[in-house]
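Take a first walk through this protein. Begin with its open spaces, then turn to its backbone.

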Amino acid sequence: MSTRIAFLKGHGTENDFVIVPDPENVIDLPPAAVAALCDRRAGIGGDGLLHVVRSAAHPEAKGMAAEAEWFMDYRNGDGSIAEMCGNGVRVFARYLQRAGHAAEGDLAVATRGGVKTVHIAKTAANGGSAEGDVTVGMGKALLPEGDVTVSVAERSWPARNVNMGNPHAVAFVDDLAHAGDLYSAPPFSPASAYPDGVNVEFVVDRGPRHVALRVHERGAGETRSCGTGACAVAVAAARRDGADPGVTGAPATYTVDVPGGTLVITERPDGEIEMTGPAVIVAEGEIDAEWLETFVR
């Protein structure tokens, strides 16, 4: 392992990530090393880790190399592998832009949830310094059949099962405080609905096509934002509100407030979902390779 390992830190609506550029996939990042890097007291700190690898250099992404040069090898904060992270894709794209691998406009990013289309908006034309928002084509939602229930303490709610490349249970509640502390995963039933665990969103209404959520992310606990979760919430809300674009023939756009900011989600009549929001790189530096090696052995 190199004695110098570069990293960056970024966030999308305060869903934060350690970014490790590794184009040729030569850095060993077992779960213990990822968890150590994401530790907020003993490491760099983050809800997850974005391992930046050329698709052709990663065994899980070689088949997507013709469509997308770069693969987002995403890991949860506990070191486990995840299929997809919507906020992570936006931050991943911002890193590629910063590193000179991408420019304003369109690009493709390979993920375990498939190739995602990304659009990096131009910086404000009025002379402002803020970078443009990033829009990600999140693909289509799957809506598995069957009733699901989630619980917190003595309360239980029916939940909508939505899969955005990763599993979600969306529960509409009267008060976000009812979600409890979300340190541990809310119980759900039946267990067969989510054999590998689930991200759970608790949702309240803020106005017409405007909702707010809190989320327990599988493998991370409560986070300040969840991009795939915001998409799942918009899909569930559209079905609840009789605004399913596949039925109405009109796009459905929802503003989704998360603890770390706001995302805008649009589902088109063909089922494709787009998510738009900010992505910010806040720091860069070097990881002590000897320290990291203690978690690799």
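A pocket here is an open set of grid points with protein on both sides within 12 Å along at least five of seven lines. Its volume is the space filled by probe spheres set on the points. The model is predicted.

How much space lies in the largest pocket? About 160 Å³. The lining of this pocket has 14 residues. Nearest the centre lie T117, G137, M138, E272 and E274. Three strands each supply at least two lining residues: β6 (114-120), β7 (134-140) and β17 (272-277). By type, the lining divides into five nonpolar, five polar and four charged residues.

Now follow the backbone. Most residues other than glycine have a negative phi, and most peptide bonds are trans. Three places in this model deserve a look against that background.

Start with L182. This residue sits in the loop between β10 (167-172) and β11. L182 is not a glycine, yet its phi is positive, at about 60°. Is L182 buried or exposed? Its relative accessible area is 2%. Buried means under 20%, so L182 counts as buried.

Next comes the bond from S189 to P190. This peptide bond is cis, with omega near -5°. P190 belongs to the loop between β11 (188-189) and β12 (199-207).

End at R209, in the loop between β12 and β13 (210-217). R209 is not a glycine either, and has a positive phi of about 50°. With a relative accessible area of 39%, R209 is partly exposed.

How values were computed
Residues numbered from 1 in each chain as written. Predicted model: local features only at pLDDT ≥ 70, side-chain atom pairs only at ≥ 80, totals over all residues. Heavy atoms only, no water. Helix = DSSP H or I, 4+ residues; strand = E, 2+ residues; numbered from the N terminus. Buried < 20%, exposed > 50% of the residue type's maximum accessible area, 1.4 Å probe, protein only. 1 Å grid on protein atoms, 1.4 Å probe; cavity = no way out; pocket = protein on both sides within 12 Å on 5 of 7 lines; lining within 4 Å. Nonpolar A, V, L, I, M, F, W, Y, C, P; charged D, E, K, R; others polar.
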